[in-house]
Amino acid sequence: MAFFSFENPETPLQLIDDEVTRNAGITLWLKRDDLIHPQISGNKWRKLKYNLLEAQQKGADTILTFGGAYSNHLYAVAAAGKHSGLKTIGIVRGDELSITSSATLTFCDQMGMRLIFVTREAYRSKEADDRIKSIIRESGSFVIPEGGSNQLALRGMFEMASEIDTQLGKSPDFFAVAAGTGGTAAGMLKCKTAPVIAFAVLKNGHFLQEDILSLAGPEVNKSSLLLQTDYHFGGYARHTQDLLQFIRNFEIKHGIPLDQVYTGKMMMGLYDLLFKGYFEKGTEIVAIHTGGLQGRLPSFS
Ligand SMILES: *Cc1c(COP(=O)(O)O)cnc(C)c1O
């Protein structure tokens, strides 16, 4: 395993101090998991760790996974494969696409990922699709689900949450995190150190309540999940001008880049809760910078 080391590089816990946090009377920390690896960033690194170890233990030389043209997960798997000497196969949603359809797909191709473009219908029923099944069989692949959210992924998130407790010297009062498939939030809930405020980045995200709790398992207290569904800013991968302005201002003030698909929505949502007096004075919150900066709009840089 050349460049992908499974040693947890402890990422910084950075204090975010400004007029909003001061007016709210709370303490806000940002867990800088965006700094974990330049290409395998944030929660994708954490989610892949035990999957790659398991693949290695099983003697698999190929990882197969699924994603859309802008999938941060596909991007991370392609890079992790390249750095660890594993072959990778990406099943991509949309047979009209090609390696030039997005910067993500071009990157995956450059990392040596074999990209297979399938129809949306085949993608929807990927567990049952004959062509996909035979690709898996013939390649002897270790399969990681879409978004990377399986039980092995939760173990990596659990570790991240424990790392925060060690760094703070105690548990915070709340964790805040963006939720797409909810695997990240589920892993943090499993750690049971603090309630998790999960910001759904897609429209009608109420279904995530059940998805997250069922991933986390029955031992997790339901009331520890505080799902926020009003901060999708138009839906998955959509954004508003207000969101972009918030991200620009946050970067100017704190020198920390956010992306418009996940971390920007979480942070703007959290700031809105601070404005509204959602938290008691003295509350300590740790928000997770889950990375994803390669997906930033070109207009930010
Ligand atoms: C994938 C991703 C998420 C969502 O993680 P889930 O476990 O699917 O909820 C959040 N933030 C970033 C930056 C991501 O790339």
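Author: What follows covers the ligand, then the pockets, then the cavity.

Author: This is a predicted model, in which local features need pLDDT of at least 70 and side-chain atom pairs count only at pLDDT 80 or more, while totals for chains, interfaces and linings use all residues. Residues are numbered from 1 along each chain as its sequence is written, and side-chain values use heavy atoms, with hydrogens and water left out.

Reader: Which residues come nearest to the ligand?

Author: They are K44, K47, T181, T184 and T290, out of 15 residues around the ligand.

Reader: Which element gives the most to the shell around the ligand?

Author: That is α2, with three residues. Both α2 (42–57) and α8 (183–191) supply at least two residues each. Helices (H or I, at least four residues) and strands (E, at least two) are DSSP runs, numbered from the N terminus.

Reader: Then how much of the ligand does the protein bury?

Author: The protein buries 97% of the 390 Å² that the ligand exposes when taken alone. Accessible areas come from the Shrake-Rupley method with a 1.4 Å probe.

Reader: Which pocket does the ligand take up?

Author: The ligand's space is the largest pocket. A pocket is found on a 1 Å grid over the protein atoms alone, as an open set of points with protein on both sides within 12 Å along at least five of seven lines; lining residues have an atom within 4 Å of a point. A molecule sits in a pocket if more than half of its atoms lie within 2 Å of its grid points.

Reader: What is the volume of the largest pocket?

Author: About 1200 Å³ of space lies there, a volume being the space filled by probe spheres set on the grid points, which are joined across faces, edges and corners. The lining has 48 residues, with Y70, S71, N72, Y236 and Y262 closest to the centre. Four of the lining residues come from α9, which gives the most.

Reader: Turning to the second largest pocket, what is its volume?

Author: It is about 260 Å³. Its lining has 13 residues, and V20, F246, N249, Y271 and F275 lie nearest the centre. The largest share, five residues, comes from α10. By class, this lining has seven nonpolar, two polar and four charged residues.

Reader: Finally, how many cavities of 30 Å³ or more are there?

Author: The count is one, where a cavity is a set of grid points at which a 1.4 Å probe fits but cannot get out. Its lining consists of Q39, S41, K44, N72, Y75, A76, G292 and Q294, and α3 gives the most, with three residues.

Note on methods
A residue is near a molecule or strand if one of its heavy atoms lies within 4 Å of it. Ala, Val, Leu, Ile, Met, Phe, Trp, Tyr, Cys and Pro count as nonpolar, Asp, Glu, Lys and Arg as charged, and the others, Gly among them, as polar.
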